[in-house]
Every structure is written in structure tokens, then in C-alpha cells.
Amino acid sequence: MESDGDTSPPRSPTAAPLHACGAGHPASHSLPTSAGGRVCLSCAAALLSSAGAASTPSHHVAHALANLSLALADPAFLRPLRAAHPRLLAAPLAEALEGAADRRDAALAAQACDVAVDLAAVVGSPADSELVARLARVLSSGSLVKHVHTLHCLGLLLNSTKDAAAYIGDKCSLVLNLVNDLRLPSDEIRGEILFVLYKLAILNATPWDNICEIGDLDLLAIGRSLLQLSLEVLLKTQNDAVRLNCVALLLTLAKKEPFDHLLISNQSSNNCIEAESMQTDYMSLNASLVLFAEAVKGSLLSTNLEVQTGTLDLIFHFLSSDANICALLQTLIDENVADYIFEVLRLSGNNDLLVISSIRVLLLFARLEEKFKEKLAIGFSTLLPVLHYVAEIPFHPVQSHVLRLVWICMVNCSGILSLPQEEQIACTLTAILRRNVNGELDMSSETFILVCSILIEILKSPHAHDIEKLPSFIEETSKYAISLTLSHECDSTILIPHSLLLLKEALIFCLEGSKYIASTKDLEDSIMGTCGTILLQWLQSAVVDGNDEETLAEILQIFQIILSRASDKKPLKFAELLASSSWFTLSFGFMGLFSTDHVKSVVHLVTSSIVDRVLGCNYGETIRDAHIYLPSDPTEMMYLLGQCSTEDFNLASCQCAILSILYACSFYNERLCANNQILASVEQYILLNGGNFPYEINGSIMLTLLVHLYAFVRGISYSCSIPHSPEAENTLFHLIIHKDWDLLVIRVHSVAIKWLFQKQEIMEPLAFQMLKFCKTFCEDETVMLSNSSQLVDIQMISELVLSGETTISSLLVSLLDQMIKEGTEDEVFSVVSVIAEILMISPRSSDQFISCGIVGSFHGIYCLPYSSRSRTVCSYLIFNILRSANASTFGQEDEWLPLALKLLEFITSGIDYTSSSQEHKIVVGILCLVLHHSSSEFLIEPAKAIILNSSLVSLMDVIVNKACVKGPSLFQHNQETTFGEFLILVLLLVFFSLRSLHTILEASIDWQDFLQYSDDVQSFSVLGLPCHDLCRLMHFGSPSIKLIASQCLLELLTRISDQRSCINAELRCSMGYLKSIIAVTEGLVFSEDSKVAGNCSACLSVILGWEKFGSQEKVAVRESKWLRLIMEEFVVALTAPGLTSKSFTSQQKFAANIAVSLLRLSQVPDWLTSLFDGHLISGIVANLCARNVTAEIVNLFSELMARKYLNQEHIVDLHNLFQVCRRQVYEGSSKAPLPEQRVEKVVRSTNDVLASLFALMLNQGSDSGTVQAEQQRLLRAIDLFFQESSRREQQCVTAPSPPQRQGTSTRLGILDQDRAAGPVAQA
Ligand SMILES: [Zn+2]
């Protein structure tokens, strides 16, 4: 090789003249370089070929290689090389490599290797194939100890050369030589050998690939040798590259079927020829397995990811082969390889490749469950983060694997899991399911099944109840699992059993009870919710399109667990839910669709539990007893019911079950057959079997059910007019009369009980039942009320009474009569209490009881020496009846008179007004009500008896005298004191008596008698008080006494006034007497109690009206200073600024009334005339607005107008104002709510009695005081004003108007100064 140093400018290569080298080689071998030099290929080849010769200095060779290396990167050189001499350099390079090896010149060998690889890369074929062929030949024989670089080079070439194996001459020799030299101690060589072997294996160039005539080659021996040697390499080396090559080789070989059998499958043959193999110098199988186990450990802990995954894949490959792998597995486990894999996992940082490879291997280990579980227990804590990791990735390839490992661990060694671990697992699994809520099942079926199974394992674990959050996780997961599998469209048939099993275990978990009660309760509610919705819907759709018997049975078993729970209201609620979701129809649908005995018995079991719950009394037992004989078709059931069963015990118990089912159906509006068919079967049953129930079944309990069922069927048939059999009815009535049964013991349909209580024939037994009811009610009122939906209760009875379609009210009254005659006081008390309670619930039923003659029964009660308790209850009942009954039902007075006399006798004989006992006070209240009704002309005779009862009158006198004597201290005797309460009652009696007198004794009464003093205590022969006593009580009494007394005084004065007008009588009292009445009433016009004030102002108006009767009265009226003061106060208030913002107080209303009365006097006082001057009226009119106009004010202006106090301007203003008022009332009333129906409140205490009597006293004129009544009065007053004004206008047209009144300067009054300064004067 030479370079001529030619410096001439570059010429194009094609035009370059051919230069020969100094050695006379052909010019064509001399190739140019782009630097301008030339390279003679022949010289270079010769130099390289001689590299092995001692005579050739190695630096020459190195120099040549360096130049060649540069040239190979030079396109100018490369182009002709490729075109003309592609093969020329291959052989010399191979020789250079061999030569360098012979010289043990590693640097030169490495250089030659690089150039050879470069050449193969840049020239390609045939240079590369030539190199492969030559190098392979070199490596096929002799020791490889010096051939590291040759091996390396071949390896690289095998990697890069296309179809490289084809150029290797003797592959078998090469492989044998390579295998043989794996024994060489150098890691480097072994690594290279392994790589070449690996490449050969990849290229299918090993003897196991059938690449050559095997001849006498012992492939088995070679294979074992290779395996053993490479495993030893793997065991010894610390070099990851070596490990990588080794693992790669083994994995590639292992995938070749013939080789695969080497390690494992010859186990069996090994067993057979054990003796022989013992003699060979190969390792025993066991030793080689141990070697394998030992060898992989180092690689597993390598820091190189490829080594680790390769090793894991190698193990996986061996373990997943078809062969019997038990021995290998056992050895690997014994040699703790599993621990290493867990360690890999622990350090993996969730590297996905490592996770996948490790988990796959671990799952294979799990095949040998017994041995592996200990390892699993140790590695379990490592598994949990992995579980969490794979759970987060949908469809992660080893998601189900990890779950399976967790599940295996839980099943085999549940004890090792800690509470936090179990909680964490539950949390992770919940997250998996939660992700699927809205979509399709985005996990494998296996994953879903394992999730359910693991959760079930957790639920079953002994300390599951200590995991605080478990109930809430299970609540969520069970809901998701069920809704994913049962309500989803996806085909999830294989998943359904698992989600149902989870639900069932969760339910059992709840029933076991837990220390976290609240969350367990939530879980239970959620499960019941799921059952009541999704599962029930599934059942309903199953009847239409179902073919899944297994699921049906599973669901029904879950229902059965819920229903058969011992305590709690939840099972009842659930039974009600099922029953009201057409359970009975559904159940026959199931039995029709799945006609197996299993389904039939499960369905009947659930039905029996439902019947137990909704009917009570263990009626479900009848179904459980008979379920094997029960038909699965309703028509057949009806047929069986209509048979005679006296000889057939099984049939008889079937019939009991059928009766129970029919009865349960009746409450949920379900009909298994047509009504007439049911009636016919029940009738036939009664006719053929009477009341003969199988002796195992409680006869009275069954008879009760039969009675109720028959009554129900008859009740519903009645409305459809289905014909019935009178014979069957008679038979049943006979049973009812003669046999033992109990109306109250089971739930009863209102249709049934109504029908029963319409039948006169069975009144006697029903009366007996009612007496039992009354007794039970009194003993345990609360229990009866709380179970109201289940049994006959007071609510049901009172509704039946109110409906008026039954005989219950007369039955109760006759029962009461009977008890008064024959029974004990307790029995009377209980019946009275029940009637009282019925009135509590529906006061309107009073009328019915009166028309049934209850008043006579009351008389009977007061004739007997009963205790105060019974009398008190009875008195309240009488009071309430009198209060709520319609007056027209009092027509039969002859019943009331004896009762009234009896009550009067009772009250006058034993009354003690210092006692706080209730019973007499209520009786006084009753007398008040009798008098009240008499003022509407009912109960006249009893009222007369009361009013004219001399004992009562003297009692009243004593009490009133006692009160009047007390003077100012009377004020303390209010309703809360015994005396005050009694006094109030007596005064109320007086009030109602005064009102009643007018109606019943009008003709014979001289009302002015009440205006007299009398020394005689017995001055009156009737119930009533003179005015001065009333005034005294008004003056000194407590607010309630003031109210009643003023009400009485008003009543009296009105009556006197009416009578005087009628007969034109002179006033018989003294001036002083009249003046004192005026003084007392004036004093109370400003009372805080607006009702008292109203009464007093009305009294004053009445007395003012007497002015026209005579001079005496005129003087009395005129001398009153108070009236003037009242009026002046009044006008100040009316003209005060700011009036517009508030409406009138009631005091101003009363003052307006007094003003009207004053203006109506025949001679209006001068002070009043001067008070209402033009200015003042203008001020008042200006101050009014539509909102504060009341009827009283309008009346006042009407009167002022009539008396000509108003000028035209006033009238026009008021006209406009009142028009506005009228419009507002009309608009307002269309929006105003309708007057509320007055709710009758039933009386239960003396306070109630008093309140009720006060209400009667004040509401005498119907519904005064309501907004509507006020508005009506206002409209009426406005109409009167308009009438008056138009009348006046007509007068004006016909006659000249009188001169307008002018404001006078002669003002009287205390208020002059104030007014001069006030805004009114300026206006
Ligand atoms: Zn040459």
C-alpha cells in the first residue's frame, strides 16, 4: 500500500488515469480516496493476510486497518470497491482477525473486528457472507480461548447479515465447539459464545433445528451439557451482558420443542432410567433443577431491567409448558425463588414490564397451592401496592392475576391479613367497580368474579365487623355489582350468581350485627332498597321472558333471609312492599314458568314468610306445612278449596294454606281468580267442611280468618251483586255464634268488618267481640293505636260509625245499656271510653249515638253509685255530644229531661265549691250547653228545669254573694283558683240562663226586676243576677269575670230596653242606681280587654237610647262628665297626624258608637255640637284614607250627615273615599281565602270546657269578628251612608238648604290650648 502524495487538482474518478502500485498490482486494484490519495487493495489484502506471520510488524497491520477504516467511510473509495471488488477484502480481514488472535494481540484483533464489521455493513453481500463463512470456519474447531474478538465479530455479523446461517459451513461443529468452550473460565469469552449461540438459535441454526445430519451426535447429551454449562455461567457471572445473553439463549432454545423437553419432560423418562442416568456424568434432574433455581436468582436481582424481565420470562416459559412441571415448581419454591420474585416486585416501582412478568410467574407458582401459600403469605404485603396499581388501569393484562393471588391468599391464610389491609383491599375493589357505574363492563369477567369473591372473603373474615368502613364499601360495591349484572343490557349471565352471592353475604353480615351500627344499618337499608327495586324488577321481567331458574332461586333465597329476620319492622315493610307489588300473581307466574320442585318450594317459602308478616299469627305456617301438596295454579287451588276434606288430612291442610293466601291477597287488591269463583269456592268449603280444621292448626285462629275472608268476599260481591248461597251464610253464622273465634286477633279488611257489622243475625257475638275490643282498648290504648294498620282499631271503628252504614253505634249503645244492667263498672267505663274516643276522632257521630238512645244510657249511669272516674268520663262524653250534635237531633226531649233532673240532683246534693274536683264543674258545663240549645228552642223542658231549680238558684246566690263580699280582692280569683273557676262557671250558667229566659219564659218575665235592690237573698226564682251585682263583679272581678258580667249586663239592658220600647214602661230604678251603672260602664270603655270595652260601650249606647223615655234618664245622661271626656279623646285621636298609617283601635270603634248614640239623643249636648265643628270634621276627613275606614266611622258620618253637621264639600270627599273603600273590599274579597271550616275541638279537661263555653258566649251572633264579617258590616254601613246622602240631596232639591254651620269660637274644653297649637287648628 502506498500513497503517492499527488497534489494535482482533483479530477473526476472516471476520468482518472489508472495508476498501478509499486508492487505491480493491477491498476484496477488501486482505488482513489477523496483526499486525493489512493489505496491499493492488493497491497492491503496482502498485508492483512500476513497479520499472523511473525515477520509482519503488527503496527503495519494496524496502520493498514486504520487507513482502510477511514477509506470505508469515504464514498470515493467505496463506490469502486462495491462495484468492482466487493469480495476482495473479506478473506484478508478474516485472516487478519485470525492472525491477531494467534498473536494474542487484542488491540489488533479488536481493530480488525471493527473493520470487518464496517466492511460487512458498507459493502453488504457478498463481503458479509464471505466473512461469516470464514469466521465460522475458524471458530468451528480448536480452542476458542484466543478468539474473543472473532466470536464478537461473528456475533455482530450474524446479527447484521441477511440469511447469515446459510453461509456457515458446518453448523453442528460450530455449535459443538461453542458449547464445549463454554467451560472456558473467561466471562468475556463465555459472554461472546453465548451471544453467538443465541444468534444461531434465533437463526434456527442449532442441531435441534434439524439443520444437519445428526449422525452419531447425542443431541440429548449436547443439550444437557449446553444447559448445564449456560446455567453455571448464569450462576457465576456478575456481568449483566453475559446474563442477558445467557437468558436470551436459554429462552430461545426453550422455545424450540425438541430442546424444551430436555430440562423438564425427561423427568418421566429420567425416572425410568434413573439407574442409567446415575451412571452418566451428567447431573441428576434434581440437581439441574436446583442449578436452574440458583442460577436465576442472581439475574432476578440484577439492576438491568432486560435481564430481570428475561429471567422472569424464562421461568414463565418453563412453568407454562405442557409438561409436568411439578418438580420444577417444587424446586423453585423450595429454593425460595418466589421470595426473589416478590423482591423484584417490591423494588419494581410498578414498572409495568416487571409487574406483568412477575405476576404471571407468581400465578403459575400458585398452581402448587399448598407449598406456595406460605410464600404468598410472606409476600402479600408486596402484592397490595401492585393490586392498587393494576386496579387503576382498566383491562390491565395482569389485573385478574393479581386479584386471583389476593383471593388465594385470603382463602388459604385469612389470618395473616391485618384490618387496615382488608380495608385497603375493599377500598381498591370498590374503586374498580365504581369506575364501571355508567358504562359497559370495562373489566374482564374474571376480574369481576374475583372482585366479588374477595369481598365475600372479607365479609366472612372473623374480624370483618371491626373494619369501620367496610359497611359503606360493601354498600357501594353490592349496589354496583347488582346494577352492572342485573339491570344492564350486557350479557352477564355468568356474573349474576357472583353479584347475588355478594349481596347475600352482605345481608348476612348485616344480620350478624356490628359495632358500627349506623353504617351497618345504612348497608342493610341499601340492600333492601336494591332488593325492592332491581331484584324485584328482575323478577317481574322474569315472568315475561325469564329462563334463568338459578337466578330466580338465588333472589328468592335473599328475600327469604330478609323476611325471616326475627325482629325489627324492616321485614314487615319489605313484606308489604312485595305483597303490594303483585307478589301473589308473580309467584304463580314463577311456578308456571319453572315447573321444578325446587322453584315451587322456594316460592312457597317466600309466600309463607310474607303471609306471616302481613297477617301475623303464624298463618304462614299453613303454607309451609302444605307446600308440597299445594298446586301451582290458582284455578286448581280454587278447585281444591271446594272439596270435602274430612277424610283427607293433606287436603285439609292444603285448604288452610289456600285460605291464608286468599286472605292475604285481599289486602293488596290482588285477585287470583274472579270474585264469583272465589266466593263459590269459599261457600263450598264452608258447606262441605264447616269449621273442621286439621287438628294441628289452631281452630279459632283459622275460623277467624275464614270469617274475615268470607265477610270480605261477600262485601266485595255485594257491590257487584254476585249471587250468594244463603245456606253457606247460615252455616257460617252458626259457626260465628257457636264457636270460638276472635275478631280482634288478626288484621281485618274494612270491607269485611263493615259487612259483618251490617248483619243483624250475629249482633250478639259481635257485641261480645266489641266488649272485648273496649276492654282491650282501655287496658292498652297505646298498643292498639300503634298497630293501627294491622288490627281492628279505634280509627277503623270510628270511620265505620261515621259512615253510618253499620250498626256499630246502636250496638255500642245497647252494649252500654246491657253493661249498665248486668256488667261491672269497669265494663261500663270501657264502653263509655271507646264511645268517647270515637267522638274524639269524628265528633259528627254524636248525632248517631243520640238517635241510638245513648241519652237514656247516661241517665242509667248517673243512677248508679259509680266512681268519680266513670262519672267524669261520662260527663265529658255528654258535654261533647251536646257540643257537637246537630240541634235537630235533640227532638226527643223526653230522654233529656230525666237526665237533666238527675244531673241537677247530682250537682245540688253534693257540690262543694271549695273542692277542686272536676266532676261537678263539667256537669255545670253540661247545664250551660242545655241552656244554650234552649235559646234555639231545643231542649226547652230540661232548660226550664234548670232555670227554675231553686237549689241551683240559691247555690248561685251564695257564690255570687261570696264573690261580691270579697271586694277588690276578687280580682285575684281568676280561672286558676278553685273559687274563681267555679265562679266563672256559675256566671256562664247565668249568662246562658239570661239568654234562654228570653226564649222560654219571655211572657212571664219583667226584666226591670233585674234593676232593683232587694234585701231578700231569694229575690229571684230563676237563674239570673241583678244589674248592681253584675256591676260589682265587673268592677272588681278578674278579666274573665269582667267579660262574662259585662256580657250579662249587656244582655239584660238590651232585654229591658226591648221590653220598655214594647210596652212603653217607665223606668223603675232610682237615678243613683242608673248613674252607678253608667259610671261602671264608662270606666270600662277603655278596658284593655276589647271585648269588655265593646260590651260597656254597647251598654252605654243602650242607656243613652233611654233618654227618649223620660226626664229622669235625660238628667242622668247629661250629667255624665265621662262621656264628654271620651268624645274629646276620640276626636283628638281622629285628627292626630299619622292616623293614616294605622287602622283604628277597637277603642276608637267603641267611641264612634257612643258618638252615634249621643248624636241620636233628642237633645244633643251643646259640648258635642261645638266639638264637631266644620274645621274639626274637615280635619278628620282629611285624615281618613281607605285603609282605616271602619263600619263604625262610616256610621258616625252617616249620623253626622243626618244631623246636618257635614257641608257639601265633606260629603263629596266622603263619597269619593267610600267609593274607594268599596272597590278595595270587592277586590280584596276575591283574593281572600274562604272562611275556614271551624274545627270542632273535643273537650278533655275543665279548661277545654271553659274555653268552649266562652267561645259559645262570644260567637252567639255566628261568625262575627272574622275579616269577612267586618267587611260585610263596612259595606252595609257605606250603603246606608249613600242612601242617606241621596235622600238628603232630594231634600235639597225640593227645599232650600239650611244655612251652613260655622265653626264657633265658643269652644268648650279642656283641650282648647292643645288644639290651637296642633296641626288641626291650622288646617
Ligand atoms: Zn499493490
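Analyst: Arg434 and Glu476 form a salt bridge, with their closest N and O atoms 2.5 Å apart. This is a predicted model, in which local features need pLDDT of at least 70, side-chain atom pairs count only at pLDDT 80 or more, and totals for chains, interfaces and linings use all residues. Residues are numbered from 1 along each chain as its sequence is written, and side-chain values use heavy atoms, leaving out hydrogens and water.

User: Why is the contact of Arg434 with Glu476 called a salt bridge?

Analyst: The term requires a side-chain nitrogen of Lys or Arg within 4 Å of a carboxyl oxygen of Asp or Glu. Arg434 and Glu476 have their closest N and O atoms 2.5 Å apart, so the pair meets the definition.

User: What makes Arg434 partly exposed?

Analyst: Buried means under 20% relative accessible area, exposed over 50%, and partly exposed in between (1.4 Å probe, protein chains only). Arg434 has 39%, so the middle class applies.

User: Why does Glu130 count as buried?

Analyst: Its relative accessibility is 17%, so Glu130 falls in the buried class. The side chain of Glu130 meets that of Arg87 in a salt bridge (3.2 Å, N to O).

User: How do you know which class Lys371 belongs to?

Analyst: Lys371 has 33% relative accessibility and therefore counts as partly exposed. Lys371 forms a salt bridge with Asp334, at 3.1 Å between the closest N and O atoms. Asp334 is partly exposed too, with a relative accessible area of 40%.

User: How many salt bridges does the structure hold?

Analyst: There are 37.
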